[in-house]
Amino acid sequence: MVFSSTSGKKEIFMEEPKKLEELKAFDDTKQGVKGLVDEGIAKIPRIFHHPRDNFKRIGDKDYIIPVIDLGRIGEDGSERKRVVERVKEASETWGFFQIVNHGIPVSTLKDMIDGVVRFFEQDSEVKKNLYTRENKPFIYNSNYNLYSKAPTNWKDTFVCKFSPNAPRPEDLPSVCRDILLEYSNQVSKLGSLLFELLSEALGLAPTYLDDIGCNEGLHVVGHYYPPCPEPELTLGITKHADVNFITVLLQNQIGGLQVLHEDTWIDIPPVPEALVVNIGDFMQIVSNDKFKSAQHRVLANREGPRVSIASFFSTGSHPNPRIYGPLKQLVSEDNPAKFREFSIPEFEAHYKKCANRTPPLMHFRI
Ligand SMILES: O=C(O)CCC(=O)C(=O)O
Ligand SMILES: [Fe+2]
């Protein structure tokens, strides 16, 4: 499962509701936001207008979010301890950190970004044939929740589902098939290491989170944010939290990603060769609020395209008999469970019905 949720607070999305016919006309082009930019529009359509918020903004190339070097953790026990401590602190404070020397070769990172660019910049008549809102192993469209009340984002996206069921190679587009297979393989190994470090950061055995199925689902999502003629009117991705265990994000050099921390938007600037890791709602729930699933967003940009690849680690899909809730080891009389337990089918039913109004963190909170 991969989901994301917008804030649970009541938000005024637009002065007037989005008009179905405008959404449909945009969807029917099958050319996404990139198609609008290719046409040379100078003003963005109304469906992309977002409300402003009143949060402060700091950052602009300040490296506030920790950058953690994973380089020597295999060789040196005391180095591993220090890394686990930093992962713990970042997960508790920010819900976000960056990692360097993470084991994925720089050439693979570069090839993956190039592969996403190749996909979105291929011949539009060929790409059009892949545009879909059906549940397939590889889904390309613009705004998976286009027809919801949420504002429309200035981006196009593909989702590729790698596990629990691996796609057949022929399900993947040939322009980026090889690198998608290579990158997913590498990021999956990195995910296992991150779950070990996060387990240790919670004071658990290294395999604990893996054993409870946090690492069974992997979706690799390619985002393409075309340059925007009126970036102050819209967003690349509206404020949301990720509804999974963790996300590993590769971004190109354009920037725009921000995390909301105590009513302030903080930039997460691109660091060469680094990957961004963020905690999702499920991790906040199993950690009983110790780790934070932080709200984040992406600004639209005059420069571009911004390209990012988000790898979502989550539970596998049906049948998953496990019950999720705060881990028994992390609750006590003094620190009682802050969420009630739920099954995945129960979670999915809730999500389908009203995720955008009540994110799971609020719905399952005691
Ligand atoms: O593109 C980015 O930097 C963020 C993507 C993101 O937040 C998401 O896919 O959930
Ligand atoms: Fe996200």
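Lysine 30, the residue that follows helix H1, has a positive phi, near 55°. Helix H1 itself, spanning residues 20–29, is hardly covered in this predicted model: among its 10 residues, the count of buried residues is 1.

Confidence in the prediction was examined next. The pLDDT averages 91 over the chain, and 92% of the residues score at least 70. Residues 1–15 have a pLDDT below 50, although this stretch has 41 contacts in the model beyond near neighbours in sequence. Where pLDDT is low, the predicted coordinates should not be read in detail. The scores for the model are ipTM 0.99 and pTM 0.93.

The chain contains 10 helices and 16 strands. Its radius of gyration is 20 Å, close to the 21 Å given by the globule rule for 366 residues, so the chain is as compact as a globular protein of that length. The C-alpha trace spans about 60 × 45 × 45 Å along its principal axes. Of the 366 residues, 43% are buried. Contacts between residues at least 6 apart in sequence were also considered; 81% of these join residues at least 24 apart.

In soluble globular proteins, nonpolar side chains tend to be buried together. The largest nonpolar core of the chain comprises 81 residues, of which Val87 and Val116 touch the most other members. Helix H6 (residues 177–201) supplies the largest share of this core, with 9 residues. When neighbours within four places in sequence are left aside, the contacts of valine 116 are Cys176, Gly222, Tyr224, Val307 and Ile309.

An annotated segment was then considered. The UniProt record, an unreviewed entry, places the feature "domain: Fe2OG dioxygenase" at residues 214–316. In the model, this span is 49% strand and 6% helix, and its end C-alpha atoms lie 8 Å apart.

Glutamine 295 is located in the loop between helix H8 (281–286) and strand E13 (296–299). Glutamine 295 has 21 other C-beta atoms within 10 Å; because the cut-off for a buried residue is 20 or more, glutamine 295 is classed as buried despite its position in a loop. The C-alpha atom of glutamine 295 is separated by 6.0 Å from that of valine 259, a residue 36 positions apart from glutamine 295 along the chain.

Note on methods: Residues are numbered from 1 along each chain as its sequence is written. Chains are lettered from A and ligands numbered from 1 in the order in which they are written. This is a predicted model: local features need pLDDT of at least 70, side-chain atom pairs count only at pLDDT 80 or more; totals for chains, interfaces and linings use all residues. A residue is buried if 20 or more other C-beta atoms lie within 10 Å of its own, exposed if 12 or fewer, and partly exposed in between; C-beta atoms are placed from the backbone. Helices (H or I, at least four residues) and strands (E, at least two) are DSSP runs, numbered from the N terminus. pLDDT is the predictor's confidence in each residue, from 0 to 100. Two residues are in contact if their C-beta atoms, placed from the backbone, lie within 7 Å. The radius of gyration is taken over C-alpha atoms; the globule rule is 2.2 Å times the number of residues to the power 0.38. UniProt positions are given in the numbering used here, feature names are shortened, and annotations may be inferred rather than shown by experiment. A nonpolar core is a set of buried Ala, Val, Leu, Ile, Met, Phe, Trp, Tyr and Cys residues joined through C-beta atoms within 7 Å.
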